[in-house]
Amino acid sequence: MKCSIPKGTRDFLPAEMARRNYIFDTIREVFKTFAFEPIETPSLENLSTLMGKYGEEGDKLLFKVLNSGDFMKDVDFNQDYHKVAPQICERGLRYDLTVPFARFVVQHRDQIAFPFRRYQLQPVWRADRPQKGRYREFYQCDADMIGSTSLLNETELVQMIDLVFQRLDIEVTVKINNRKILAGIADLIGAPDKLVDITVAIDKLDKIGLENVQKELQERGLTDGQIQALDPVFNLNGTAMEKLAQLEQLFADVPTGLKGVEEMRTLFTLIADIEPKCHIELDLTLARGLNYYTGAIFEVKAHNVSIGSICGGGRYDNLTGIFGMPDVSGVGISFGADRIYDVLTELDKFPADLGQAARAIIINFGGDEQRHAVKLASLLRKAGISALVYPEAAKMKKQMEFAAKKAIPYVLFIGESEAANGTVTIKTMATGEQQTIAQAAAIEALS
């Protein structure tokens, strides 16, 4: 039988896991610096929790899990698929971490203090077509604040984005928009009922270009006049504040749009005060297709690589309302660990020593020398130095080849003379240099 895994999923070898953990640890430490607390939710959610939260396209990408037992009994398969599916599939793999978080907040409302700040690093699944930078199983690293409408929260998210990518040494642009501005645009062109169609289409602008976006808008039922009325929005230029001033004039009679402009003006003023190192841009074509966003939305693109967004998020004002807890506003971001991995690989930005299995290996000579090796390894480990003893008294060449293959920087020898004298010989693999020192001094020498 041929060994394989499903398309869009991956195995990770030890060196790859070391790199992934470097990303996770970096993000986790930043989350903790901003006083976010960790939670976890199940991989499986009730399908009723997931369906209808991500738009029509998102619902199609949900992995639905068949019920156990005789789930086909009494099911009329001549019905429409959307009627059949809930009867044979009651659960699904989570599509993201935000909707399960909203369910979590409602379910545990009496056990958490608001405003609540959570972070979560877990895998999600989407029945998407696998391609570069897009997988069916991938990790998201989320941070959300819920129970507060303050724009200070959005400002802190930008700070976290800036700090994470500084630590990872990736140059990025943070694109920001506001769904109220998009709603205002829909009102402005006389198509308020087409807000979802407009956002889904213009969210593809970077991928398919303006002409194809206009064609899709036409297919979604917008008139030629409505599509042409979008031109001033696509053609705004200048700084963020200058674009907002132009929008303010366009939205003179559109209250929702004016509210979005006001929020963006406040947010960009606060961002200027924190002086981020990354580039910040007001992008009025940014839509982010998820239906639950209601305010500020974010997307992060890496410089010098051709890959999609590596981080994104936004404000959602009433996601918990779907689960019976209305009027609780939240805002969050999600770092795409898998895409960040691809960016760091392409830019060759991973630290060189991440793949080290151990800092030191002690050659096994067998007999009494093996006992000395085991004792020294124990001392090194207690001091926080990763060390291993080769498990068998194999030929010296085999043990040295293993050390070289595993890129272990130091090889330690306790032969008969070293055992008698209480010493150890340390070989630096990079230079070939050797020194013999007291075993008690080995910790300092290897630190």
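Predicted model: local features only at pLDDT ≥ 70, side-chain atom pairs only at ≥ 80, totals over all residues.
Helix 7 spans residues 179-188, and because 8 of its 10 residues are buried, the helix is largely enclosed by the rest of the structure. The buried residues are Arg179, Lys180, Ile181, Leu182, Ala183, Gly184, Ile185 and Ala186. Helix 7 is followed by Gly190, a residue whose phi is positive, near 75°.

The second largest pocket holds about 190 Å³ of space. Its lining is made up of 13 residues, and those that lie nearest the centre of the pocket are Ala15, Gly355, Gln356, Ala357 and Lys406. By class, the lining divides into 8 nonpolar, 2 polar and 3 charged residues. Helix 1 (residues 14-33) gives the most to this lining, with 3 residues.

The cysteines can be considered next. A disulfide is a covalent bond between the sulfur atoms of two cysteines. With a cut-off of 2.5 Å between cysteine sulfur atoms, the count for this model comes to 0 disulfides. Cys141 is in no disulfide, and the nearest cysteine sulfur, which belongs to Cys311, is 9.4 Å away. For Cys278, the closest cysteine sulfur is likewise in Cys311, at 10 Å, which is too far for a bond.

Asp128 has its place in the loop between strand 5 (116-125) and strand 6 (137-146). Leaving aside its neighbours within four places in sequence, Asp128 is in contact with Leu61, Arg134 and Arg136.

| Residue | Relative accessible area | Class |
|---|---|---|
| Cys141 | 0% | buried |
| Cys278 | 12% | buried |
| Asp128 | 19% | buried |

Asp128, at 19%, is therefore counted as buried under that 20% limit, and Cys141, at 0%, is also counted as buried.

Note on methods:
Residues numbered from 1 in each chain as written. Heavy atoms only, no water. 1 Å grid on protein atoms, 1.4 Å probe; cavity = no way out; pocket = protein on both sides within 12 Å on 5 of 7 lines; lining within 4 Å. Points joined across faces, edges and corners; volume = space filled by probe spheres on them. Helix = DSSP H or I, 4+ residues; strand = E, 2+ residues; numbered from the N terminus. Nonpolar A, V, L, I, M, F, W, Y, C, P; charged D, E, K, R; others polar. Buried < 20%, exposed > 50% of the residue type's maximum accessible area, 1.4 Å probe, protein only. Contact = heavy atoms within 4.5 Å.
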